[in-house]
Amino acid sequence: LSSPSGLTHESHKKDVEQVYLRCSEGSIEWMYPTGALIVNLRPNTSPASYKHLTVCIKPFKDSAGANIYLEKTGELKLLVRDGDCSPSKVYCFGYDQGGLFIEATPQQDISRKITGFQYELMSKGMASDLHTVSAPCRPCSDTEVLLAVCTSDFVIRGSIQDVTNQAEEQESIIHVGVNKLYRQKSKVFQLTGESGNWRGQIKTPLECGVKPGDGDFLFTGRMHFGEARLGCAPRFKDFQRMYKEAKDKGLNPCEIGPD
């Protein structure tokens with residue numbers, strides 16, 4: 001978390017401050033913004049790999065006080081206009097497309113403003129192979145499911161206990177009861193209650209129309225800004241079939257117990 005403050009530049013309102021971020025994910029808060037802020041993302045990877053990176057930012061819901069631009073060789077492209085912070089809106093661009101230039105907008109009372117956002121760096125392959133990016137509600141093919149099992153941040157067998165729709169954020173929250181936990185990158189799915197059941201929440205676009213239903217599913221997906229995002233989710237019996245067929249042919253990309 002980086003938290004620069006514009007109050008240190010109160011007598012130099014045209015100042016430009018530079019911030020260097022080394023982590024692959026995190027957040028930045030610019031308190032009382034004045035002047036401008038240049039955000040330099042310098043991940044601890046080889047510069048040769050920079051061209052394969054995608055940068056995503058998610059402004060805080062109450063972020064205000066500055067415009068966020070994509071800057072390259074002096075040219076500015078408006079990315080997020082001050083006050084235009086739609087809930088859950090994420091802005092992504094290639095690392096080689098430029099850096100972030102944040103310019104404070106004129107304010108009567110800067111002490112009431114904080115500009116902030118979360119950021120993530122990921123490989124372009126990881127960003128593009130998440131099929132929810134281009135077609136969030138399209139069912140996965142057998143090949144996509146088997147690959148998702150190997151590459152996803154979480155893989156679980158479970159059932160849909162309930163679905164909460166958030167119209168403002170255009171999201172659905174799937175409340176999942178876990179029968180078997182194969183893998184999870186973060187502790188999204190945890191033991192809850194006296195019964196000792198594993199539970200967790202997965203988000204997906206509202207347009208997909210997910211509803212509670214009977215039976216088990218294989219839920220896969222990625223962590224995105226601290227939230228579990230749904231990837232491929234076939235019925236478990238269908239996964240068992242495709243896994244067995246691929247294993248019999250020696251084509252399954254990785255081993256996982258289907259039972």
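**Close-up views of the predicted model**

**View A. Pairing of strands E5 and E6.** In this predicted model, strand E5 (residues 66-72) is joined to E6 by five bridges in the antiparallel sense. Tyr69 has Leu78 of E6 as its bridge partner.

**View B. The five-stranded open sheet.** The strands follow the order E1-E3-E8-E5-E6, with mixed pairing. Strand E1 (16-21) and strand E6 (75-80) are at the edges and have a single partner strand each, so one side of each lacks a neighbour in the sheet. On average, neighbouring strands are turned by 30° against each other, direction ignored.

**View C. The disulfide of Cys56 and Cys92.** The sulfur atoms of Cys56 and Cys92 lie 2.0 Å apart, and the link is right-handed, with 105° about the S-S bond. Cys56 belongs to strand E4 (residues 53-59) and Cys92 to strand E7 (residues 91-94), so the pair ties together parts 36 residues apart in sequence. Cys56 is buried, at 2% relative accessible area, whereas Cys92 is partly exposed, at 45%.

**View D. The disulfide of Cys140 and Cys232.** A left-handed link, with -85° about the S-S bond, joins Cys140 and Cys232. Cys140 is in the loop between helix H1 (124-129) and helix H2 (142-151), and Cys232 is in the loop between strand E15 (227-230) and helix H3 (236-248). Both cysteines, Cys140 and Cys232, are buried.

**View E. The disulfide of Cys150 and Cys254.** The sulfur atoms of Cys150 and Cys254 are 2.1 Å apart, and the link is left-handed, with -100° about the S-S bond. Cys150 lies in helix H2 and Cys254 in the segment after H3, so the pair ties together parts 104 residues apart in sequence.

How values were computed
Residues are numbered from 1 along each chain as its sequence is written. This is a predicted model: local features need pLDDT of at least 70, side-chain atom pairs count only at pLDDT 80 or more; totals for chains, interfaces and linings use all residues. Side-chain values use heavy atoms; hydrogens and water are left out. Two strands pair if DSSP finds at least two bridges between them. Helices (H or I, at least four residues) and strands (E, at least two) are DSSP runs, numbered from the N terminus. Axes are lines fitted to C-alpha atoms, for helices over the stretch in contact, and angles run from 0 to 180 degrees between N-to-C directions. A disulfide is a pair of cysteine sulfur atoms within 2.5 Å. Buried means under 20% relative accessible area, exposed over 50%, partly exposed in between (1.4 Å probe, protein chains only).
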